[in-house]
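Please read the following note with the model open beside it. The points below concern the packing of helices, the strands and the nonpolar cores.

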Amino acid sequence: MTQVSMNTRRRFIQATAACSLALVGGGFARISGAQGAKPNIVFIMADDLGYADVSCYGQHDYTTPNVDRLATEGLKFMQGYSNSANCSPTRTALITGRYQMRLTAGLEEPINDSTPKGVGLPPSHPTLPSLLKQSGYATTLVGKWHLGFLPDFSPLKSGYDRFFGIFGGGADYFNHGSKSSAPLFEQETPVDRVGYMTNLLGDRAVQTIEGYGKSKQPFLLSLHFTAPHWPWEGPDDEAESKRIAGRLMHRDGGTQKTYMAMVQTMDSNIGRVLRALDVHGLSENTIVIFTSDNGGERFSKTWPFTGMKAELLEGGLRVPAIVRWPGRVAAGSVSEQVMISMDWMPTLLAAAGTAPDPAYAPDGENLLPNLTGRAAAHARKLFWRFKAGEQRAMREGDWKYLRIAGNDFLFDVVKDPRERANLRVRNTDIFDRLKNQWEAWNNTMLPERPRPAAYSQPGNFLADHYGVTNQQ
């Protein structure tokens, strides 16, 4: 593995020499000056975006100039992972900094209408927004929550001051009124707003930044787009919205052109957010992160990986991960550090000068030293589990153990990112070690939910999954 270049590190040292923040040990010291010295945080998360669905990660059919700007002005992780191969488990890990299998909410893959009543993110559990709030931050979630439904669960019950978005896993991009099956909410009340969902979320994000710019209070803005999650509707596809009439997972819809329009509209709204930070003089002291909740869906580009959402193949887990923080993170830097969704929580708390609740120790790592160039890339041990297909995976260094649909594999995912050469027999000792470590880790987690879990991408849905079937 390579580390951030020496030139990048030298630029960082030069930049921080003039900076008033002191670096200590594993991260930034608590900021003793004015509250305004704390960095603002804008956390942008796409929904079901594939690894190479943005041009700075390899998309050549269209461009995403605003995401690319973040990469040019910040750091791009080349080995970023999601905690799960679908939505709400990853969001559980992201907001808690812990493996999602420690909570009953994280066992749902994903949370939906069939989830038992009373299952969601417990309001008593410390979260990224609640801990930042204790440290003096204002907190807002714009977009997708997907961690439990009212009346028991809500962003407002888990650390956010304000919420504008959806509670569930998806919503129509046009038909999202208060009487729809998946309405937009203002705080905890369904509301009627006319417009394309991605643009409405962008509007609110810009308004939120404008308000915080006037208040001078440090803030966390979680901007969790629903794009490019199905239904497959671009900004000019209101007729398609009417055709499917609330049938969100429409298996007869979508095209590459539609998907492109969805991603590019999201990128345009990210540009609006970045301009709002510039206009209000907030860019220099704001950490901006861009990532996805899991790997790509059926129209995504996941090259050079195979697999997709709902699979523990690399294509279902690898995500873009970009951080911009002027003066602290060197512009144009690239890192081979292996990282995962749950790392963001301890990393951002460290950047804000605070720490996780010791009673809920994070499983994620504080990667602030990697972001700032003070630490080289190091090997990780990461674990995954997904009930559909009895999938199991572990990564240790460059090695990956994978079990899917009753088949066992061992891959070197650095040399063989497409997971083609099964090295299980050639390296029996490594295979046995990783499998045993996975079993030991699994024994420390909650058991999988007792209810059935069907493949979401069976062969009668996707032709290239002809070997994947669900029991009738």
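1. Buried here means under 20% relative accessible area, exposed over 50%, and partly exposed in between, with a 1.4 Å probe and protein chains only. Helices (H or I, at least four residues) and strands (E, at least two) are DSSP runs, numbered from the N terminus. This is a predicted model, in which local features need pLDDT of at least 70 and side-chain atom pairs count only at pLDDT 80 or more, while totals for chains, interfaces and linings use all residues. Residues are numbered from 1 along each chain as its sequence is written, and side-chain values use heavy atoms, with hydrogens and water left out.

2. Strand E10 is covered on both faces, with Thr 286, Val 288, Phe 290 and Ser 292 buried on one side and Ile 287, Ile 289 and Thr 291 buried on the other. Since 7 of the 7 residues of E10 are buried, this strand is largely enclosed by the rest of the structure. In a regular strand the side chains alternate between the two faces of the sheet.

3. Two strands count as paired if DSSP finds at least two bridges between them. E10 pairs with E3 in the parallel sense over 7 bridges, and within E10 the bridge partner of Ile 41 is Ile 287. With strand E11 (residues 321-324), E10 pairs in the antiparallel sense over 4 bridges, and Thr 291 stands opposite Ala 321 in E11.

4. A nonpolar core is taken as a set of buried Ala, Val, Leu, Ile, Met, Phe, Trp, Tyr and Cys residues joined through side-chain atoms within 4.5 Å. In the largest nonpolar core, which has 54 residues, Ile 270 and Phe 290 touch the most other members. Elements that each supply at least two residues of this core include E3 (40-46), H2, H6 (197-215), H8 and E10 (286-292), and H8 gives the most, with 9 residues. Apart from this core lies another, of 38 residues, among them Leu 94, Leu 121, Tyr 137 and Leu 348.

5. Contact means heavy atoms within 4.5 Å. Not counting residues up to four places away in sequence, Ile 270 touches Ile 44, Asn 66, Val 67, Leu 70, Phe 225 and Phe 290.

6. Axes are lines fitted to C-alpha atoms, for helices over the stretch in contact, and angles run from 0 to 180 degrees between N-to-C directions. Angles under 35 degrees count as roughly parallel, over 145 as roughly antiparallel, 65 to 115 as roughly perpendicular, and the rest as oblique. Helix H2 (residues 65-73) and helix H8 (residues 256-279) pack at an angle of about 50°, with their axes 7 Å apart, and these two helices are therefore oblique to each other. The axes of H6 and H8, by comparison, come within 9 Å and cross at roughly 10°, which makes H6 roughly parallel to H8.

7. A separate point concerns an open sheet of 4 strands, in the order E13-E14-E15-E16 and with antiparallel pairing. Strands E13 (381-386) and E16 (407-412) stand at the edges, each with a single partner strand, so one side of each is left without a neighbour in the sheet. The twist averages 10° from one strand to the next. Helix H12 (residues 428-442) packs on the sheet, touching E13, E14, E15 and E16, and its direction makes about 70° with that of E13.
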